[in-house]
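Please keep the structure open while reading.

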Amino acid sequence: MGRNTSRLWTSQFIVIVVMAFLFFLCLQLLTAGFPAYIMEIKKNPTQAGLMTTVFMGAAILTRPLIGYLIHKVDVKVMSIITLILLALTIGLSYGQTSVSLLLCLRALHGVAFGIITTILSTLATNIIPVKRLGEGIGYYGLATSVGTSVAPMFAISMLQLYSYNLLIILSIVMTVAALVLGFFVKTPKISASADTDKQISFKEYAFDKKALLPCILAMFFTTTLGGVISFMSGLGAEANIGASVSLFFLVMTVMMVVVRPFSGRLYDNLGHKIIIYPAATAGIIGLFLLSITQNTMTLLIAGVMYGFSYGIMTPTLQAIAVGFVEKEKQGTANAMFFSSMDLGIAVGSTGLGVLASLTSYHFIYGFSIISLLVLLLLYTFVFVRDENAKETAL
């Protein structure tokens, strides 16, 4: 699918990137909006948190199955059916106040999220030229990260200024727009041949140990991301700078947009070592600044540093995971990678939330630094050391 040429910005790649942006913006609007809505009408933090937990859990459970099915079925048909069902389930959320019904709908949203994110990322990595894999995944990841980063701002603003129902309508519109674009995607079967189809086992295509380490590293990073997404409003209130929290996300998003193209090219030309260490260091600085922030300036500098880290770390680790496996198992690597990210966010949101209730919001961001230190240690002593040993042997 075009990987033998050096051209990156084909019409197919553009369609997939735009679809990914719309889809992530839609789903993350709901991820931020549902807990806020439940807090507004039920005043119950536990029920509000379940809206995210159920969503993430459903996505994590779905992805191994999709890593297998993506080799067996027409992914274009699968994505179109999934988007139609997603639009319907979002529509059923309109005007609802039943927590049990909304939890069921959130589970279905999570299943759709697990399916579509795996399909789109696999289609993208299949058409990106091999020599521009880092750059291509960087741009694809930029679309998904910007959608994820700006969604909380839009969701909270929409609930404050307008209504929950308008949020639902906007999400349906974006889902339909992604659905229309889906008809323009050309998708030959991902698997190599009919013969390999017969040999596929669920275990083989649901998991690949070659992609495991970068996925574990991604989980440690997104544990900190779970805290950033979930508890910035609490930190703002604690530091009496609540009005500046939205600016943190804006600065973080701008920084990601700036660094993604350059980091992708550096990865392709010089390898991942040259960018992982600066990215992790920037993340540590960003979290430290959040742990001591008492004013808007410190908060914004933290946003710059964390945005730099996030903008480099996640697409680089995804590129490593995808690059480690055979082409026909890129769907497996992508499914594992996104599951590890979701698991990290879920662990961070839950674990740091419990810790915040016992300590403070400032404390949990300082505590989160441990995750990035573990990431660096694993990367250095398992990843880099093993690579150096292999190079020496050659």
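In this predicted model, helix 1 (residues 11-42) and helix 3 (residues 75-92) have axes that come within 13 Å. Those axes cross at roughly 25 degrees. Angles under 35 degrees count as roughly parallel, so helix 1 and helix 3 are roughly parallel to each other.

**Helix 1 with helix 3**

- The crossing of helix 1 past helix 3 is left-handed.
- Helix 1 makes the contact through Met19, Phe23, Cys26, Leu27 and Leu30.
- Helix 3 contributes Leu83, Leu86 and Ile90 to the contact.
- By class, the contact of helix 1 with helix 3 holds 8 nonpolar residues, no polar and no charged ones.

**Helix 9 with helix 13**

- The axes of helix 9 (residues 212-238) and helix 13 (residues 330-358) come within 6 Å.
- They cross at roughly 40 degrees, which makes helix 9 oblique to helix 13.
- Helix 9 and helix 13 form a right-handed crossing.
- On the helix 9 side, the contact uses Leu212, Cys215, Ala218, Met219, Thr222, Thr223, Leu225, Gly226, Gly227, Ser230 and Phe231.
- On the helix 13 side, the partners are Ala333, Met336, Phe337, Ser340, Met341, Leu343, Gly344, Ile345, Gly348, Ser349, Leu352 and Gly353.
- The contact of helix 9 with helix 13 divides into 13 nonpolar and 10 polar residues, with no charged ones.

**The largest nonpolar core**

- The largest nonpolar core has 122 residues.
- Within this core, Val228, Met232, Phe248, Leu290 and Tyr365 touch the most other members.
- Helix 1 supplies the largest share of the core, 18 residues.
- What does leucine 290 touch, not counting residues up to four places away in sequence? Its contacts are Val228, Met232, Leu235, Phe248, Leu299, Ala302, His362 and Tyr365.

**Threonine 62**

- Threonine 62 lies in helix 2 (residues 45-69).
- Is threonine 62 buried or exposed? Its relative accessibility is 11%. Buried means under 20%, so threonine 62 counts as buried.
- Leaving aside neighbours within four places in sequence, threonine 62 is in contact with Val111, Gly114 and Ile115.

Conventions: Residues numbered from 1 in each chain as written. Predicted model: local features only at pLDDT ≥ 70, side-chain atom pairs only at ≥ 80, totals over all residues. Heavy atoms only, no water. Axes fitted to C-alpha atoms, helices over the stretch in contact; angles between N-to-C directions. Helix = DSSP H or I, 4+ residues; strand = E, 2+ residues; numbered from the N terminus. Parallel < 35°, antiparallel > 145°, perpendicular 65-115°, else oblique. Left-handed = near helix turned anticlockwise from the far one by under 90°. Contact = heavy atoms within 4.5 Å. Nonpolar A, V, L, I, M, F, W, Y, C, P; charged D, E, K, R; others polar. Core = buried A, V, L, I, M, F, W, Y, C linked by side-chain atoms within 4.5 Å. Buried < 20%, exposed > 50% of the residue type's maximum accessible area, 1.4 Å probe, protein only.
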